[in-house]
Amino acid sequence: MFEDETEIKRFPPLRRMWQPVGQQRAVDVPSKNEDFAFYGVVDVLEGGVFTERYPKEISELAFSFLESVLARTTGRVLLVWDQARWHTSGMVTEWIEKQDRLEVLLLPPRAPEMGPIEDLWREMKRAVAACLERSLDRLEEACLQFLDQQTPDDILRIIGLSAV
């Protein structure tokens with residue numbers, strides 16, 4: 001399984017907008033941009049995705065999410081994730097060492113392109129970027145709807161682990 005987190009912002013960065021020269025519209029910038037963290041794993045054997053929403057990316061929530069993953073799976077789990085500080089903290093490392101079903105493989109530092117789930121986050125954000133309903137709950141619904149609409153083959157194709 002590949003694991004990663006991503007931030008979902010109420011007002012994502014403005015990516016691009018075409019406007020006639022001299023007729024540019026003002027873009028309102030909120031004083032506070034609420035967000036939440038979306039934790040997720042992709043099962044590379046099945047193409048399945050499991051996600052949970054958390055308020056932020058911290059060690060306590062990382063192993064809380066892993067507890068949920070272990071509760072939803074059977075057998076041994078090989079978890080591949082990056083070296084974010086909340087993945088490699090002493091607290092998380094100690095917790096992982098106590099898990100007899102979990103083995104962890106760390107990706108190289110500062111190499112997000114090596115985590116295939118990053119491509120899934122990018123596609124999901126592209127799909128929900130035009131979401132006009134900007135409540136955090138509605139954004140979560142839009143993200144979950146995007147993921148639910150993807151077949152296991154779609155997921156594997158998006159993350160680059162499919163020959164088709």
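Hi everyone. Let me start with what we mean by a helix axis: the axis is a line fitted to C-alpha atoms, taken for helices over the stretch in contact, and an angle between axes runs from 0 to 180 degrees between N-to-C directions. Keep that in mind, and please also remember that what you see above is a predicted model.

The axes of helix 4 and helix 5, the latter being residues 136–148, cross at roughly 120° and come within 9 Å. That angle makes helix 4 oblique to helix 5. As for the hand of the crossing between helix 4 and helix 5, it is right-handed.

While we are in helix 5, let's stop at one of its residues, Leu-139. Is Leu-139 buried or exposed? With a relative accessibility of 1%, Leu-139 counts as buried. Leu-139 and Val-128 are 11 residues apart along the chain, and their C-alpha atoms are separated by 7.3 Å.

Helix 1, residues 59–72, packs against helix 3, residues 90–97, at an angle of about 25°, and their axes are 8 Å apart. How do helix 1 and helix 3 lie to each other? Angles under 35 degrees count as roughly parallel, and helix 1 and helix 3 are therefore roughly parallel to each other. Helix 1 passes helix 3 in a right-handed crossing.

Ser-89 is found in the loop between helix 2, residues 85–88, and helix 3. Ser-89 counts as buried, because its relative accessibility is 17% and the cut-off for buried is under 20%. In sequence, Ser-89 and Ser-59 are 30 residues apart, yet from C-alpha to C-alpha the two are 6.8 Å apart in space.

Let's step back to the whole chain for a moment. How many helices and strands are there in the chain? There are 6 helices and 5 strands. If you walk along from the N terminus, the elements come in the order β-β-β-α-β-α-α-β-α-α-α. The chain has 164 residues, and buried residues make up 39% of them.

On to the strands. Strand 2, residues 35–43, and strand 3, residues 48–54, run antiparallel and are joined by 7 bridges. In that pairing, Phe-38 stands opposite Arg-53 in strand 3. The hairpin of strand 2 and strand 3 has 4 residues between the strands, and there Gly-47 takes a positive phi near 80°.

Ser-162 and Gly-47 are 115 residues apart along the chain, while their C-alpha atoms are separated by 9.7 Å. You will find Ser-162 in the segment after helix 6, which covers 152–158. Ser-162 counts as partly exposed, at 31% relative accessibility.

Back to Phe-38, which brings us to the aromatic rings. The structure holds 7 aromatic pairs. One of them is Phe-36 with Phe-38: the ring centres are 5.9 Å apart and the planes are at 70°, so this pair is edge-to-face. Phe-36 and Phe-38 are both buried. Elsewhere, ring pairs link Tyr-39, Phe-50, Tyr-54 and Phe-65 into a cluster.

The other strand pairing I want to show you is between strand 4 and strand 5. These two pair in the parallel sense, over 5 bridges. Within that pairing, Trp-81 has Leu-106 in strand 5 as its bridge partner. Why do I call strand 4, residues 77–81, largely enclosed by the rest of the structure? Because 4 of its 5 residues are buried.

Most residues other than glycine have a negative phi. Arg-110, however, has a positive phi, near 50°. Where is Arg-110 found? Arg-110 is in the loop between strand 5, residues 102–106, and helix 4, residues 117–128. With 79% relative accessibility, Arg-110 counts as exposed.

How values were computed. Residues numbered from 1 in each chain as written. Predicted model: local features only at pLDDT ≥ 70, side-chain atom pairs only at ≥ 80, totals over all residues. Heavy atoms only, no water. Pairing = 2+ DSSP bridges. Buried < 20%, exposed > 50% of the residue type's maximum accessible area, 1.4 Å probe, protein only. Phe/Tyr/Trp six-rings, centres within 6.5 Å; stacked < 30°, edge-to-face > 60°. Parallel < 35°, antiparallel > 145°, perpendicular 65-115°, else oblique. Left-handed = near helix turned anticlockwise from the far one by under 90°.
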